Amino acid sequence: MRSILIGGKAGQGIAKTAELLGKALVKLGYHVFNYRDYPSLIRGGHNFNVVVFDKKPVYSHVERNYDILAALDDRTLDVHSHEISSTTLRITLKGHGGDIEIDPLLLRKHNIPFLSLNIIFLGAIACHLGIPFEVMKSVVSSLGEKNIQALKLGYNLTKEENRLKKSNKKLLFLTGNEAIGLGAIASGIDIYIAYPMTPATPVLHFLAARKNKYNYTVLQLENEIAVVNAALGASYAGANVMVGTSGGGFALMTEAISLQGMSEVPLVVYLAQRTGPSTGVPTYTAQSDLLFAIHAGHGEFPRVVLAPGDPAEAFRMTMTAFYLSNKFRVLSIILGDKHLGESHYTHTLDEFSPLVKPEKFITLETEDYKSYKITENGISPRSVPGAIPFAVRATSYEHDEEGITTEDPHMIEKMVEKRLRKWESLSVAVKNLEPVSVYGEGDKAIVSWGSTKGVIFDTLKRLEGWKFVKINILAPFPSEEVLKELDDAKRVVVIENSATGQLSKLLAMKTGLITDDKILRYDARPFTVDYIFRRLRG
Amino acid sequence: MRLDPKRLDTYAENTWCPGCGNFGILTAVKRAITELVEEGYDIKNFVTVTGIGCHAKIYDYLNLNGFYSIHGRVLPTAIGIKMANPELKVIGFAGDGDTYAEGISHFVHTCRYNPDITFLVHNNQVFALTTGQATPTSEKGYKGKSTPDGKWEEPLNPLVLALEAGATFVARGYAYDVPHLTYLIKEGIKHRGFAFIDIIQPCVTFHNITPYVKDRLYKLEEIGHDSTNFYEALRRAREWRYDLDPSAKIPIGIFYRTERKTFEEGYERDIPYYKVVRQIDWRKVLEEKLT
């Protein structure tokens with residue numbers, strides 16, 4: 001495994017450089033993980049990426065002993081000086097003490113815009129790593145001729161040590177946010193609605209860029225309240241709808257989340273967590289909205305909460321979210337975070353294979369339609385206004401089968417019970433949708449959810465006697481499946497990117513299992529293998 | 001229930017106070033829809049959206065498609081419906097508390113967006129269902145349960161706000177003048193764009209200003225008002241400031257009417273999404289990320 005840290009100011013193209021490098025490596029058949037770290041500003045500050053690659057799958061980054069440190073400014077050298085080793089190759093600007101030094105004047109000499117400085121760095125890194133020029137060039141070519149010249153200048157500054165060999169592996173390189181966008185497209189999304197909020201915004205951009213190709217609508221409305229209510233309106237009228245936001249925006253949406261519960265209008269929400277409370281640390285990661293996602297909204301109503309651990313899961317779970325929302329007329333929350341959303345991962349195509357086939361479950365042929373028909377499984381058939389000769393209703397009030405307001409205790413009870421039965425049928429349905437995944441074998445168990453998957457995978461390679469129980473569906477909670485795995489474990493450790501261990505609380509609530517053994521990280525940074533390994537042994 | 005233009009009532013018990021102006025609005029809406037169906041509109045395509053408050057009970061009293069939404073959120077809900085299916089004739093009903101307090105941001109932006117929907121505000125200048133508190137359009141001096149010493153701020157003039165925010169159809173009706181209100185609602189539904197009708201609907205229980213209003217009303221149609229003239233519309237809208245000024249005159253009718261691109265047209269939507277069949281191969285979708 002090798003690692004490269006690329007750092008510089010916001011605006012210097014740090015994230016782009018790392019992504020291009022990652023793409024070239026994946027093209028050669030390597031598995032790449034690309035971690036992105038950036039503060040909340042547009043120009044200046046300190047941005048860095050850590051690119052890790054290996055012949056075997058790798059899902060997490062490191063925080064020290066990089067093979068290469070590429071510093072596009074002095075601050076990168078200062079901040080990361082204690083993280084490098086004697087063997088770290090330093091690539092710096094001219095006169096800054098690097099093993100390879102880059103003279104920015106080269107750009108002026110060759111009449112290349114100064115913005116391409118990062119591409120010279122990319123050339124030097126790629127050449128040193130042994131990435132064939134032609135491969136790197138093919139990745140950079142979409143950026144134009146001047147950047148190919150800059151790349152060449154970088155290659156000329158050093159010599160290849162060992163040329164990397166190309167394998168025949170077909171791999172995908174993408175972020176969690178991109179996977180959620182693609183999952184929505186594969187689900188047949190009709191309308192995506194959002195208000196910008198980090199770290200969910202990339203999904204808005206990603207889907208907006210592809211709206212004409214796939215013929216759907218992307219709307220940015222005046223606030224998250226408008227976003228979610230418009231989504232319910234559109235879904236009521238028969239569209240496949242998703243909204244995306246982070247904790248603060250989701251807080252604004254909760255009034256309408258409860259409206260979803262009563263109206264039973266299908267709704268998919270992508271909730272990308274970031275460090276809270278409140279504005280918190282807006283461009284950094286956390287897993288501290290689990291209980292919020294599970295409990296948001298007044299009153300009692302069923303919902304689905306899915307927690308993907310990597311882009312392949314993000315893609316599949318987005319499809320599951322649409323499917324369950326439409327079939328059960330419920331809320332589905334895809335609970336991601338900044339780490340999953342903005343890091344690049346490497347996958348094979350078959351890892352994306354969906355568990356469901358997209359369907360809207362809309363009934364158009366009906367003898368006598370009732371919007372809230374009382375049924376055995378609690379699911380009232382879904383229809384849409386304008387399509388049938390019957391009134392199609394959605395309502396925030398308690399109602400009878402037609403959707404007419406009621407305050408009659410007998411009818412209220414029947415409707416509450418109808419929604420409870422839907423909860424039951426939903427709990428049965430998710431049993432076939434991989435509610436829990438177990439990796440490795442052992443009498444000790446790590447329990448976790450969401451974006452900690454990758455780093456726990458990488459940690460597992462160094463552990464013996466441990467298995468990893470990953471909870472994929474957090475609502476309805478798969479108590480039976482979880483208990484089966486944890487009941488006779490000698491040690492159970494909960495790992496979570498939060499300060500209080502919300503999964504522990506949920507486990508206690510749903511299974512009665514008390515898990516005091518927790519590894520928590522709450523400095524707004526994701527876990528690394530070293531971090532978990534130290535805490536597990538200490 | 002089967003949709004039937006001859007049967008626009010439901011079995012729901014009407015719980016408005018006796019003499020409530022909402023009865024006038026309900027009658028006008030039913031007449032407007034009956035006449036529009038006679039003119040060729042499809043009863044299937046009407047959708048009502050309501051907020052929360054006395055006005056919203058109209059959802060229960062109309063045998064039409066409907067979304068009983070939440071307080072203040074009628075407009076985004078209506079926009080969502082229209083975006084999903086531009087063939088639908090969406091009629092939003094809201095109260096003055098709904099629109100000018102809780103939902104004011106949606107109101108301003110909807111005027112700006114210009115979706116092709118009709119929006120009726122049942123403006124009784126009071127929170128009635130919560131038993132009588134001041135709203136943004138209550139007059140200065142209004143004594144409600146939350147303002148025992150009298151409201152001291154100036155009221156909001158929603159017509160002026162709508163005009164400045166870019167609404168393409170701005171009108172005012174009177175709940176007890178059913179034929180005139182029927183005319184306004186029909187014109188509003190026929191208008192291509194955001195049609196906003198503020199309806200003076202005196203609350204018989206908590207804000208009965210009927211005697212003040214009825215003596216001061218006049219119809220813009222009867223004085224040769226030019227509804228294509230924005231500044232003339234603004235001047236007329238400023239004639240009454242939602243107060244109890246004894247010298248004021250209260251114009252009703254269409255203040256302003258213009259055309260511009262609608263919200264849905266801006267997004268090039270013309271097919272209902274429920275009719276769109278998508279055959280998507282998940283492998284193909286992922287191809288762009290294969291290196």
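**Interface and architecture of the predicted two-chain model**

Helices (H or I, at least four residues) and strands (E, at least two) are DSSP runs numbered from the N terminus. The model is predicted, with local features requiring pLDDT of at least 70 and side-chain atom pairs counted only at pLDDT 80 or more, whereas totals for chains, interfaces and linings use all residues. Residues are numbered from 1 along each chain as its sequence is written, chains are lettered from A and ligands numbered from 1 in the order in which they are written, and side-chain values use heavy atoms, with hydrogens and water left out.

The contact between the chains (heavy atoms within 4.5 Å) involves 51 residues of chain B and 71 residues of chain A. About 5,300 Å² is buried between chain B and chain A, 60% of it on carbon and sulfur atoms; buried area is the accessible area (1.4 Å probe) that two parts lose on being put together, summed over both. On the chain B side, the most area is lost to chain A by Tyr274(B), Lys289(B) and Thr291(B), which together account for 14% of what that side buries.

Between chain B and chain A, 31 residue pairs are in polar contact, both residues being at pLDDT 80 or more. A polar contact is a pair of N or O atoms within 3.5 Å; within protein, one must be able to donate a hydrogen and the other to accept it, and residues adjacent in sequence count only if both atoms are side-chain atoms. At least two residues of the side of chain B that touches chain A are supplied by each of helix 2 (58–61), strand 2 (65–68), helix 3 (74–84), helix 5 (104–113) and helix 11 (282–286) of chain B. Helix 3 of chain B provides the largest share of that side, 6 residues. The residues of the side of chain B that touches chain A comprise 28 nonpolar, 14 polar and 9 charged, where Ala, Val, Leu, Ile, Met, Phe, Trp, Tyr, Cys and Pro count as nonpolar, Asp, Glu, Lys and Arg as charged, and the others, Gly among them, as polar.

Over all chains, 44 salt bridges are found (a side-chain nitrogen of Lys or Arg within 4 Å of a carboxyl oxygen of Asp or Glu). The interface of chain B and chain A contains 4 salt bridges. In one, Arg210(A) is joined to Glu288(B), with the closest N and O atoms 2.7 Å apart. Another salt bridge links the side chains of Lys289(B) and Glu178(A), at 3.1 Å from N to O. This pair crosses between chains, from Lys289(B) in the segment after helix 11 of chain B to Glu178(A) in helix 7 (residues 176–186) of chain A.

Chain A comprises 19 helices and 21 strands, and its C-alpha trace spans about 80 × 55 × 45 Å along its principal axes. Chain B has 11 helices and 8 strands, and its C-alpha atoms fill a box of roughly 75 × 45 × 40 Å along the principal axes.

Most residues other than glycine have a negative phi, and most peptide bonds are trans. In chain A, a cis peptide bond joins Thr198(A) and Pro199(A), with omega about 5°; Pro199(A) lies in the loop between strand 8 (191–194) and helix 8 (201–209). The peptide bond from Ala475(A) to Pro476(A) is also cis, omega being near -10°, and Pro476(A) is placed in the loop between strand 19 (473–475) and helix 17 (479–486). Phe361(A), although not a glycine, has a positive phi of about 55°.
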